[in-house]
Amino acid sequence: SSLVTGFKYIRHHQYIFGIILLVGLHCALTMAFLGMLPSFVKNGLGAESNFYGYLMSMVGLGSIFGTLFMAGVKSHQLKMKLFWISAFISGLSLSLLGISKTDTMAIIAILLVGASQALFMTLTIAFVQEATEEHVRGRVTSVYFVLAAGLMSLANWGYGWLGNIIDPRYIMMTTGLLFI
């Protein structure tokens, strides 16, 4: 019943609905690349399997940079600009990762992936919580996380399977550009 209350609230608040819809698309199209990353490293880059772990570390490092950069931003107008910029870079950087032909290019792209995705997700949850009335904030936040994590998990599973049939580079380029 708590999730139903959250869904009802979201349905009646266009701003929150729009943000959560965009988050769902973001999670399904740009954040679900991890399932195909092992195949990308092996077949797309022709790199050793330990490079996969290195790329995963770079996603985390990029995430740290992205959230630390945003930590000092106080202006709501600047946060809105960063929201749209991070959304754009999130799709673009995933496409850049898809076209990477060298380890160095892949590292730069995945640092941008981590930074932009962390910045985007941090800003969206802050916007949702700021715009939601206190008495339903927990319920709305729960819906946000269920949709985001659920869509990302399903897409990760699907892209991981598809990445064994189709070159993961094409999937990354396509989903990144679709999000943009």
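At 38% relative accessibility, alanine 149 counts as partly exposed, a class that lies between buried (under 20% relative accessible area) and exposed (over 50%), with a 1.4 Å probe and protein chains only. The model is a predicted one, in which local features need pLDDT of at least 70 and side-chain atom pairs count only at pLDDT 80 or more, while totals for chains, interfaces and linings use all residues. Residues are numbered from 1 along each chain as its sequence is written, and side-chain values use heavy atoms, with hydrogens and water left out.

Alanine 149 belongs to helix H7, where helices (H or I, at least four residues) and strands (E, at least two) are DSSP runs numbered from the N terminus. The 26 residues of H7 should span 38 Å at 1.5 Å a residue, and its end C-alpha atoms are 37 Å apart, which agrees; the expected span here is 1.5 Å times one less than the number of residues in the helix. Val140, Thr141, Val143, Tyr144, Ala148, Ala155, Asn156, Tyr159 and Gly160 are the buried residues of H7, and they pack against H1, H2, H6 and H8, a contact being heavy atoms within 4.5 Å. An α-helix has 3.6 residues a turn, so residues three or four places apart point the same way.

Alanine 28 is itself buried in H2, as are, among others, Ile16, Ile19, Ile20, Val23 and Cys27. The buried residues of H2 pack against H1 (2-11), H5 (76-99), H6 (103-131), H7 (137-162) and H8 (168-179).

For the protein as a whole, the secondary structure comes to 8 helices and 0 strands. The radius of gyration is 17 Å, close to the 16 Å that the globule rule gives for 180 residues, so the protein is as compact as a globular protein of that length; the radius is taken over C-alpha atoms, and the rule is 2.2 Å times the number of residues to the power 0.38. Buried residues make up 47% of the 180 residues, and among contacts between residues at least 6 apart in sequence, 78% join residues at least 24 apart.
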